[in-house]
Amino acid sequence: PDLIYLADTYGVYKDDYLSVNKEGSRSELLYGGLNDKELALIKKNLSGGNTIIGEFNTASAPTNIANREQLSEIFRLNWLGWSGRYFKDLTKGVEIPSWTVSDYEAQSGEKWNFEGEGFVLVSDNDKVVVLRKGIEIGSKDLTFSFEKSYFDEFGIDKTVPYDYWFEFTQTNPSADILANYQIDLTEKGQAVFDNLGLPKTFPAIIRSKNTQYTSYYFAGDFADSTN
């Protein structure tokens, strides 16, 4: 194939498939994760100068560690184990998935009493961190922009807001960062990020070229974004 596109291998859960899962609760996994057979097929078909695109969550759970490491080689990056999303309303029962609330309450020993705008960060180990607008987050929220050196190539020179799922990655020196996210942190928010070891500016689109293929990685759920 000229193009291979991997999008959201998070999988299908029982309540997603067999019922209307309005609360976003977690149920039994029916199918998910990038498995060995799929990975072998991908690697077999990377040649002749074709292109592979990977999108948010391709290497996160339930994809296993061994397959994640092979995906890291394909895309020339490492996943830092954290993803996040903007929520217009942090109030329980509005937008926030129920598993986020239960995980937070179990970890902190406190009730979920958040409201208003903000961000929720989730680790691969299901650790939940909440960042509130006006307290840990500044007025600009999260923005997306191409690097200046790629303005002409892609014809995009504007900084735009981004308000859906994203993830933190670290690129290999052989890869190019085409675009970055930047999250507007207050002093309190910066302290939270420092404690987690996360940068406030981080890759959104990564490209790597070699003699066999060109790879692009989208560190966000771009297919579901309305921006």
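Analyst: β8 (137-146) and β11 (176-185) each supply at least two residues of the lining of the second largest pocket. Strands here are DSSP runs (E, at least two residues), and helices are runs of H or I of at least four, numbered from the N terminus. The model is predicted: local features need pLDDT of at least 70, side-chain atom pairs count only at pLDDT 80 or more, and totals for chains, interfaces and linings use all residues. Residues are numbered from 1 along each chain as its sequence is written, and side-chain values use heavy atoms, with hydrogens and water left out.

The lining has 18 residues. T143, S145, T159, Q182 and T201 lie nearest the centre of the pocket. A pocket is an open set of points on a 1 Å grid over the protein atoms alone, with protein on both sides within 12 Å along at least five of seven lines; a cavity is a set where a 1.4 Å probe fits but cannot get out; lining residues have an atom within 4 Å of a point. The volume of this pocket is about 240 Å³. That volume is the space filled by probe spheres set on the points, which are joined across faces, edges and corners.

By class, the lining splits into 6 nonpolar, 6 polar and 6 charged residues. Nonpolar means Ala, Val, Leu, Ile, Met, Phe, Trp, Tyr, Cys and Pro; charged means Asp, Glu, Lys and Arg; the others, Gly among them, are polar.

Now the strands. β8 and β11 run antiparallel, joined by 6 bridges. Two strands pair if DSSP finds at least two bridges between them. L142 of the model stands opposite I183 in β11. β8 also runs antiparallel to β9 (residues 160-161), with 2 bridges. There, T143 stands opposite P161 in β9. T143 is also one of the residues nearest the pocket centre.

β11 has a further partner. It pairs with β12 (residues 201-209) in the antiparallel sense, over 6 bridges. D176 stands opposite R207 in β12.

These strands belong to an open sheet of 7 strands. Its order is β1-β4-β13-β12-β11-β8-β9, and the pairing is mixed. The edge strands are β1 (3-6) and β9, each pairing on one side only.

The structure also holds 1 cavity of 30 Å³ or more. The largest cavity has about 50 Å³ of space. Its lining takes its largest share, 5 residues, from β5.
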